[in-house]
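Me: Could you take a close look at one part of this structure for me, the nonpolar core and what is packed around it? I would enjoy a connected walk through it.

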Amino acid sequence: MNKPTAQRSRIMSCIKSKNTKPEIIVRSYLHSMGLRFSLHRKDLPGKPDIVMPRYNTCVFVNGCFWHKHNCKKGRKVPKTNTQFWIDKFAANRKRDAKNRRDLRRLGWNVETIWECQIEKPGRLERLYDNIIPKKVYDRLKKAV
Ligand SMILES: [Zn+2]
């Protein structure tokens, strides 16, 4: 692989914050299942990564480190400026919880999928089932 140029890596790091690899995996999967969605809706609390108004569902694809998942990667704290990071992560978690709460109050079904879970067998299928509950699915099939 070519060594990235400075400009390229700058571009890549910009892209990374919005289009993380786990997010792309989830999007591709849902898309392949025939779901259509919008991305990063700024008018909704927390700008959910994936929004499906038709199914009343928002999906957050969370990086374990930044959003502090209870897993190995999520429990890591940088060795320098430790207190700063602890506070920052606590604020992230608090904000995430508030966004989920606000979305639910607005009537959205909120799904969170963690970076470390994406590759686990059955996880994406379970997400799909949560987006389209069986009774809705049956009704859709009947309508065809
Ligand atoms: Zn994790």
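**Around the core**

Reply: Let's start with a helix: H2, residues 21-32, lies across E2, E3 and E4 and runs at about 145 degrees to E3. Please keep in mind that this is a predicted model.

The strands under discussion belong to an open sheet of 4 strands, ordered E1-E2-E3-E4, with mixed pairing. Its edge strands are E1 (38-39) and E4, each of which pairs on one side only. Between E2 and E3, which run antiparallel, there are 3 bridges.

Now to the core itself. The largest nonpolar core holds 18 residues, and those with the most contacts inside it are Val26, Ile50, Cys58, Val59 and Ile113. At least two residues of this core come from each of strand E2 (50-52), strand E3 (57-62), strand E4 (109-114) and helix H5 (123-131). E3 gives the largest share, with 4 residues. As general background, nonpolar side chains tend to be buried together in soluble globular proteins.

Apart from its neighbours within four places in sequence, Val26 is in contact with Ile50, Val59, Val61, Ile113, Ile118 and Leu124.

Stepping back to the whole chain, you will find 6 helices and 4 strands, following the pattern α-α-β-β-β-α-α-β-α-α along the sequence. Of the 144 residues in the chain, 18% are buried. Among contacts between residues at least 6 apart in sequence, 54% join residues at least 24 apart.

Finally, a look at the loop between E1 and E2, where His40 is found. Most residues other than glycine have a negative phi. His40, which is not a glycine, has a positive phi of about 50 degrees. Because His40 has 14 C-beta neighbours inside 10 Å, it counts as partly exposed. Lys47 is found in the loop between E1 and E2 as well, and its phi is also positive, near 40 degrees. Lys47 has 15 other C-beta atoms within 10 Å, so it too is partly exposed.

Notes: Residues numbered from 1 in each chain as written. Predicted model: local features only at pLDDT ≥ 70, side-chain atom pairs only at ≥ 80, totals over all residues. Core = buried A, V, L, I, M, F, W, Y, C linked by C-beta atoms within 7 Å. Buried ≥ 20, exposed ≤ 12 C-beta atoms within 10 Å, placed from the backbone. Contact = placed C-beta atoms within 7 Å. Pairing = 2+ DSSP bridges. Axes fitted to C-alpha atoms, helices over the stretch in contact; angles between N-to-C directions.
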